[in-house]
Amino acid sequence: MSDAEQIRAIKSQALAILAELTAHPKPTYYLDGQTVAWNEYLGRLQATIDWCDRKLAGEEPFEFCSQGTT
């Protein structure tokens with residue numbers, strides 16, 4: 001599996017989790033003195049997706065060779 005394929009897989013998984021969490025939002029709660037804040041988790045997922053987008057954009061060619069004729 002190439003790096004780009006792995007990054008696409010990570011992005012796909014993060015998008016699936018993001019879709020599930022936004023479809024069924026959960027409240028912030030406290031467990032054994034620790035805060036579980038879903039909005040922070042959503043922010044980290046979005047940051048992961050943004051990172052994947054940047055890495056995948058780096059894989060794309062910056063210019064395309066083309067030839068026009070009349």
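This is a predicted model: local features need pLDDT of at least 70, side-chain atom pairs count only at pLDDT 80 or more; totals for chains, interfaces and linings use all residues.

Student: OK, so at what angle do the axes of helix 1 and helix 2 cross?

Tutor: At roughly 150 degrees, and the axes come within 9 Å. Helix 1 here is residues 3-23 and helix 2 is residues 38-59. With that angle over the cut-off, helix 1 and helix 2 are therefore roughly antiparallel to each other.

Student: Left-handed or right-handed crossing?

Tutor: Left-handed, as helix 1 passes helix 2. The residues of that contact divide into 16 nonpolar, three polar and five charged.

Student: Which residues make up the largest nonpolar core?

Tutor: Six residues: Ala 14, Leu 18 and Leu 21, together with Trp 38, Leu 45 and Ile 49. At least two residues of this core come from each of helix 1 and helix 2.

Student: Let's zoom in on Ile 49. What does Ile 49 touch?

Tutor: Leaving out residues up to four places away in sequence, Ile 49 touches Lys 11, Ala 14, Leu 15 and Leu 18.

Student: Switching topic: where is Ala 16, and how exposed is Ala 16?

Tutor: Ala 16 sits in helix 1. Its relative accessible area is 48%, so Ala 16 is partly exposed.

Student: And how far is Ala 16 from Arg 54?

Tutor: Their C-alpha atoms are separated by 19 Å, with the two residues 38 residues apart along the chain.

Note on methods. Residues are numbered from 1 along each chain as its sequence is written. Side-chain values use heavy atoms; hydrogens and water are left out. Axes are lines fitted to C-alpha atoms, for helices over the stretch in contact, and angles run from 0 to 180 degrees between N-to-C directions. Helices (H or I, at least four residues) and strands (E, at least two) are DSSP runs, numbered from the N terminus. Angles under 35 degrees count as roughly parallel, over 145 as roughly antiparallel, 65 to 115 as roughly perpendicular and the rest as oblique. A crossing is left-handed if the near helix is turned anticlockwise from the far one by less than a right angle, and right-handed if clockwise. Ala, Val, Leu, Ile, Met, Phe, Trp, Tyr, Cys and Pro count as nonpolar, Asp, Glu, Lys and Arg as charged, and the others, Gly among them, as polar. A nonpolar core is a set of buried Ala, Val, Leu, Ile, Met, Phe, Trp, Tyr and Cys residues joined through side-chain atoms within 4.5 Å. Buried means under 20% relative accessible area, exposed over 50%, partly exposed in between (1.4 Å probe, protein chains only). Contact means heavy atoms within 4.5 Å.
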